[in-house]
Amino acid sequence: MTELEMIVTGRRTIRKTIAQPIDRQLLLELLEKAAYAPFHSKTEPWSVYMAITAEEKAYFLQCVLESYERNDILAEFNEQQLEKIKEANEKAFFQTGANLIVAADLFDDEKQNLESLGATAAFIQNLQLLAWEKKIGVVWRTNPYIFDRQFAAAFGIPETKRVVGSLHLGYFEEKHVPKPLSRRPLTAWVRPIQLGHARRGEA
C-alpha cells in the first residue's frame, strides 16, 4: 500500500490519550492543511473553536456539564454516579492535548445546508488523517451538548452556524489503538444504476 493508503485505512478513533501537550503551532498547521477540503460555497463553511490551555479546557468542561444539567441528560443518576461522571470527564478533558468545537454555516436553503455539512465533514476527516500522520489520535463526538443552543452561545457561536461535533486530539500509546472494525464487502453497497427503472414504475 502507498503511504496515503496506509494512513486512510490505518486511522482509528482514539479515546485514551496520554497527558502530553500538543504544540499550538502544530495544531494550527494541521488545521490550515485540513482546510483544503472541497466546498461549494464562496468561502469555507466551517469554523473551529479551540480549547488548549487548562483554563480553556475547564471552561469547555463547565459548559458541557451545565448543558447536561440544563437538559436533564444526567437526571437518572444519583450523586455518587454524578461525581464519577464528572471525574471521568475532567480526566478526559485535561488529559487530552486539544479540544475543539467545529461548526458549519447555516443557510435558508436545503441544498446549501447539505453542501455546508458535507464540506465540514470532509474538513474534519482531513484533520483526522493529518493528525494521525503526526501520531495524534482524534475522537469526533456528537454528544447531546452539540445540539444545545445555549452551549453554542457560550462559545460565541452565532445562530448562523450549527455545531457539527467536538474533536478531542491527543498523543497515544500503540497499545490503546483499537482493532479495525470489519467493513461490508463492496457488493453490499456498490451497484450499477438501474437503467429505465423509473420508467418501468410508471403507470
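Two strands pair if DSSP finds at least two bridges between them. The views below come from a predicted model.

**View 1. Strands S3 and S4 pair in the antiparallel sense.** Six bridges join S3 to strand S4, which covers residues 161-171. One of the residues to look for is Ile136, whose bridge partner in S4 is Tyr171. In general, strands of a sheet pair through backbone hydrogen bonds, either parallel or antiparallel.

**View 2. Four strands form an open sheet.** The order of the strands is S1-S2-S4-S3, and their pairing is antiparallel. Strand S1 (46-51) and S3 are the edge strands, and each of them pairs on one side only. From one strand to the next, the twist averages 25°.

**View 3. Helix H5 packs on the sheet.** This helix spans residues 110-133 and touches S1, strand S2 (98-105), S3 and S4. The direction of H5 makes about 155° with that of S2.

View 4. Is Asp148 buried or exposed? Its relative accessible area is 10%; buried means under 20%, so Asp148 is buried.

**View 5. The side chain of Asp148 makes polar contacts with two side chains, those of Ser67 and Arg70.** The contact with the side chain of Ser67 is at 2.7 Å, and the one with the side chain of Arg70 is at 2.4 Å. Which residues is Asp148 in contact with, leaving aside its neighbours within four places in sequence? They are Ser67, Arg70 and Asn71.

Terms used:
Residues numbered from 1 in each chain as written. Predicted model: local features only at pLDDT ≥ 70, side-chain atom pairs only at ≥ 80, totals over all residues. Heavy atoms only, no water. Buried < 20%, exposed > 50% of the residue type's maximum accessible area, 1.4 Å probe, protein only. Polar contact = N/O pair within 3.5 Å; in protein donor to acceptor, adjacent residues only side chain to side chain. Contact = heavy atoms within 4.5 Å. Helix = DSSP H or I, 4+ residues; strand = E, 2+ residues; numbered from the N terminus. Axes fitted to C-alpha atoms, helices over the stretch in contact; angles between N-to-C directions.
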